[in-house]
Amino acid sequence: MHYYRYSSAEVSCWYKYLLFSYNIVFWGVLSDLTKVTGLHGLDPVVLVLVVGIVMFTLGFAGCVGALRENICLLKFFCGAIIFIFLLELAVAVLAFLFQDWVRDRVKEFFENNIKSYRDDIDLQNLIDSLQKINHCCGAQGPDDWDLNIYFNCSSESKSREKCGVPFSCCVPDPAQKVVNTQCGYDVRKKSKSQWDDQIFIKGCILALEAWLPRNIYIVAGVFIAISLLQIFGIFLARTLISDIEAVKAGNAF
């Protein structure tokens with residue numbers, strides 16, 4: 001009985017196309033995840049563009065390096081993935097150790113975005129989605145919308161939305177099939193005891209803090225899956241580099 005033994009060139013070829021497929025799938029998935037990110041009231045598209053450029057560069061280096069067996073590109077790809085992996089690990093550890101600091105930064109992030117709510121449609125949709133999904137309003141509560149010039153309760157404001165909240169803060173009415181975008185008008189002119197029936201009174205930071213413990217296994221699973229994919233990519237790149245170097249060393253004699 002004879003067993004077929006794969007040559008180093010064939011093994012290298014397998015690793016090459018496996019690494020190429022890894023780049024297509026992994027970076028394609030992450031590109032979808034970046035669509036739900038924003039930073040300090042800036043246009044979320046800017047952050048998505050920056051992250052997209054980084055992912056394209058790494059994907060290009062990984063794919064071309066694998067197909068052309070270019071050691072320089074493969075080493076760049078491998079080093080970048082290791083750096084990103086270590087950065088993620090450091091951020092996770094620091095976030096756990098400095099929870100109060102993280103909470104303050106999240107509050108600052110949300111308040112800055114509240115100020116810019118009407119300035120950008122992408123940011124507006126992002127905040128509306130966050131408030132509707134988590135049944136929350138503002139960072140700490142509905143009064144945070146005083147930070148926005150359109151919803152501010154000051155006497156100088158001429159906005160029709162004065163002393164109101166966005167429609168995404170409203171408690172949905174099952175009988176309504178069409179979204180009432182004016183449901184939050186003038187709601188904060190009423191006494192706070194009347195708010196419960198019309199809008200969500202819990203702040204989004206509190207809602208997210210309550211959501212995390214309930215979904216800790218899902219969050220941990222996502223991070224573990226991403227980490228394993230990165231480790232797998234590092235393994236493929238290092239293996240392919242070793243095979244290419246071995247073949248070149250053999251051809252040198």
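Before you start: residues are numbered from 1 along each chain as its sequence is written, and side-chain values use heavy atoms, leaving out hydrogens and water. Since the model is predicted, local features need pLDDT of at least 70 and side-chain atom pairs count only at pLDDT 80 or more, while totals for chains, interfaces and linings use all residues.

**Exercise 1**

*Solution.* Start with the helix, a DSSP run of H or I with at least four residues, numbered from the N terminus. α5 has 14 residues and reaches 20 Å from its first C-alpha to its last. That is close to the expected 20 Å at 1.5 Å a residue, where the expected span is 1.5 Å times one less than the number of residues.

Next, list the buried residues (under 20% relative accessible area; exposed is over 50%, partly exposed in between, with a 1.4 Å probe and protein chains only). They are L123, Q124, I127, D128, Q131 and N134. An α-helix has 3.6 residues a turn, so residues three or four places apart point the same way.

Finally, look at the face turned away from the buried side: I121 and I133 are exposed there.

**Exercise 2**

Find the non-glycine residue just after α5 with a positive phi, and say how accessible it is.

*Solution.* Most residues other than glycine have a negative phi. Just past α5, H135 takes a positive phi of about 55°. H135 belongs to the loop between α5 (121-134) and α6 (204-214), and counts as partly exposed because its relative accessibility is 45%. D186, in the loop between α5 and α6, also has a positive phi, of about 60°.

**Exercise 3**

*Solution.* The search of the whole structure turns up four. Among them, C137 joins C169 (S to S 2.1 Å); these two are 32 residues apart and both buried. C153 pairs with C163 at 1.9 Å, ten residues apart. Here C153 is partly exposed at 29%, while C163 is buried at 8%. C170 and C183 have their sulfur atoms 2.1 Å apart, and the torsion of about 110° makes the link right-handed.

Technical notes:
A disulfide is a pair of cysteine sulfur atoms within 2.5 Å.
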